[in-house]
Number of protein chains: 2
Amino acid sequence: MEIPVYRDILEENDLKAKANSDLFKKFSILTINLMASPGAGKTALLERTIEELSPSMRMAVIEGDLATNLDQERIRKHGVPAVQINTGSGCHLRADMVSEALEEIPLAGLDMLFIENVGNLICPAEFRLGEDLRVILASVPEGEEKPLKYPVMFREADAVVLNKIDLLPYVPFNREAFLCNLYSIAPKVPLFSLSCRTGEGLPAWIEWLKLQRGLIRRA
Amino acid sequence: MEIPVYRDILEENDLKAKANSDLFKKFSILTINLMASPGAGKTALLERTIEELSPSMRMAVIEGDLATNLDQERIRKHGVPAVQINTGSGCHLRADMVSEALEEIPLAGLDMLFIENVGNLICPAEFRLGEDLRVILASVPEGEEKPLKYPVMFREADAVVLNKIDLLPYVPFNREAFLCNLYSIAPKVPLFSLSCRTGEGLPAWIEWLKLQRGLIRRA
């Protein structure tokens, strides 16, 4: 919708995102905005990541969903603070929602904050939350053409994770075609192919996260 | 966004949807708005449906995507007219887009029109296109909690299709839990569990479609 009121909403959001970003910088927190289709495995990736990085990294999670606290409960079982945002019919998180959620998270001493956006491969792309990095999660059963069909989101990715590679023997997914499609949209994006179920491919993702955290600390 | 301009957009859309609906009624066309997450298998379901119903039913398809003509090409291979709508960054189809696409489809003699919406389990719910029926496609790898997390869309469904049941042995999906979740949101919705890949479960869906077509004809 290219209407003035929408432009105003985006501008207002950018201002609030900047305030969030300033706060994250002040506390040297690496903040990741995790975006994906419904059911791609966002929460599963966070659970695996928390398992791998605890307790050396102190983490917190903000969960975005239209309804339910299911994801917050899953994260809390791993001993990590999690705040649930319910958007009702809202199709993406906004920076002001994140700002409000931050009031419930002790920021001092935190190393990483993950923001799991609403399951949607379109709308979250336009709303910055103050994050350092935008990670797009795709999954094998969704098919290899997703980067072509949802270019707005893939174009802005700082990293792409391809989840559910354990299903490759059971679904028609052409890995080479996925790579070609992805790099035609985002020629330089790092790609991590993994399975949250089996753990295959997780180490590279974890090492990349640690590296990113180190860059923040030094900045 | 509960802002007046958004309400105006919805009202304007409803008017255009009514005009589309009048046109479908005039030509006795059963029109289905097919909605799902990215990669749930919307186009695959249409391909299977066309194979089963051709040539006794005359069908056409309107394809909605942010970008590419990939789905239009897939449908045309089956000898059925298909019009592609590219929404750019738009997260759903609107009734006026459908109205424009209809100019490219010969309506006389058509039995069924399928409108494949943009892959998005949230935003398309609020925009009527003039359709007779709204069909929501879920898929096994997305997990059993989707009806709870995306209640706005499931609540309005006239039928739900659960695709990719061939993957049940390979993913953690609790079928009973899915049923409970679905019926807690939409207590009376017909559910068709099937696999577009193997063809299992397709006959019930096809028979239901024929029945729905019959109801339109008699009206």
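Visitor: What makes Lys77(B) count as exposed rather than buried?

Guide: In this predicted model, Lys77(B) has 11 other C-beta atoms within 10 Å, and since a residue is exposed if that count is 12 or fewer, Lys77(B) is classed as exposed. Lys77(B) sits in the loop between helix H3 (70-76) and strand S3 (82-86) of chain B, and its C-alpha atom is 18 Å from that of Ser56(B), which is 21 residues away in sequence.

Visitor: Why is Met153(A) called buried?

Guide: Met153(A) has 28 C-beta neighbours inside 10 Å, and because a residue is buried if the count is 20 or more, Met153(A) counts as buried. Met153(A) belongs to helix H6 (residues 151-155) of chain A, and, not counting residues up to four places away in sequence, Met153(A) touches Met35(A), Leu121(A), Ile122(A), Ala125(A) and Ile136(A). The C-alpha atoms of Met153(A) and Arg128(A), which are 25 residues apart along the chain, are separated by 12 Å.

Visitor: What puts the buried residues of helix H7 (residues 175-185) of chain B on the same side of H7(B)?

Guide: The buried residues there are Phe178(B), Asn181(B), Leu182(B) and Ile185(B). They cover an arc of only 95° around the axis, which puts them on the same side of H7(B). On the other side of H7(B), Glu176(B) and Ser184(B) are exposed. As for their surroundings, the buried residues of H7(B) pack against H5, H6, strand S6 (159-163) and strand S7 (191-193) of chain B.

Visitor: How is the packing of H1(A) against H4(A) described, and what is the hand of the crossing?

Guide: Two packed helices are described by the angle between their axes and the distance between the axes. For helix H1 (residues 4-26) and helix H4 (residues 95-102) of chain A, the angle is about 35° and the axes are 8 Å apart, and the crossing is left-handed. Residues of H1(A) in this contact include Asn13(A), Lys16(A) and Leu23(A), which, with others of that helix, meet H4(A) residues including Ala95(A), Asp96(A) and Leu102(A). The residues of the contact divide into 6 nonpolar, 3 polar and 2 charged.

Visitor: What are the angle and the axis distance for H1(B) and H4(B)?

Guide: In chain B, H1(B) and helix H4 (residues 95-102) pack at about 35° with axes 8 Å apart, and H1(B) passes H4(B) in a left-handed crossing. Among the residues that make this contact are Ala17(B) and Asn20(B) of H1(B) and Val98(B) and Ser99(B) of H4(B).

Visitor: Which residues have the most contacts inside the largest nonpolar core?

Guide: They are Ile136(A), Ile136(B) and Val161(B), in a core of 119 residues. Leaving aside neighbours within four places in sequence, Val161(B) is in contact with Leu45(B), Val135(B), Leu137(B), Phe192(B), Leu194(B) and Trp205(B).

Visitor: How many residues does each chain bring to the contact between chain A and chain B?

Guide: The contact takes 31 residues from chain B and 31 residues from chain A. On the side of chain B that touches chain A, H5(B) gives the most, with 3 residues, and the residues of that side divide into 17 nonpolar, 8 polar and 6 charged.

Visitor: What is the omega of the cis peptide bond that joins Ser54(A) and Pro55(A)?

Guide: Omega is about -5° for that cis bond, and Pro55(A) is found in the loop between helix H2 (42-53) and strand S2 (59-65) of chain A. In chain B, the peptide bond from Ser54(B) to Pro55(B) is cis, with omega near -5°.

Methods: Residues numbered from 1 in each chain as written. Chains lettered and ligands numbered in written order. Predicted model: local features only at pLDDT ≥ 70, side-chain atom pairs only at ≥ 80, totals over all residues. Contact = placed C-beta atoms within 7 Å. Helix = DSSP H or I, 4+ residues; strand = E, 2+ residues; numbered from the N terminus. Nonpolar A, V, L, I, M, F, W, Y, C, P; charged D, E, K, R; others polar. Core = buried A, V, L, I, M, F, W, Y, C linked by C-beta atoms within 7 Å. Axes fitted to C-alpha atoms, helices over the stretch in contact; angles between N-to-C directions. Left-handed = near helix turned anticlockwise from the far one by under 90°. Arc of directions from axis to C-beta.
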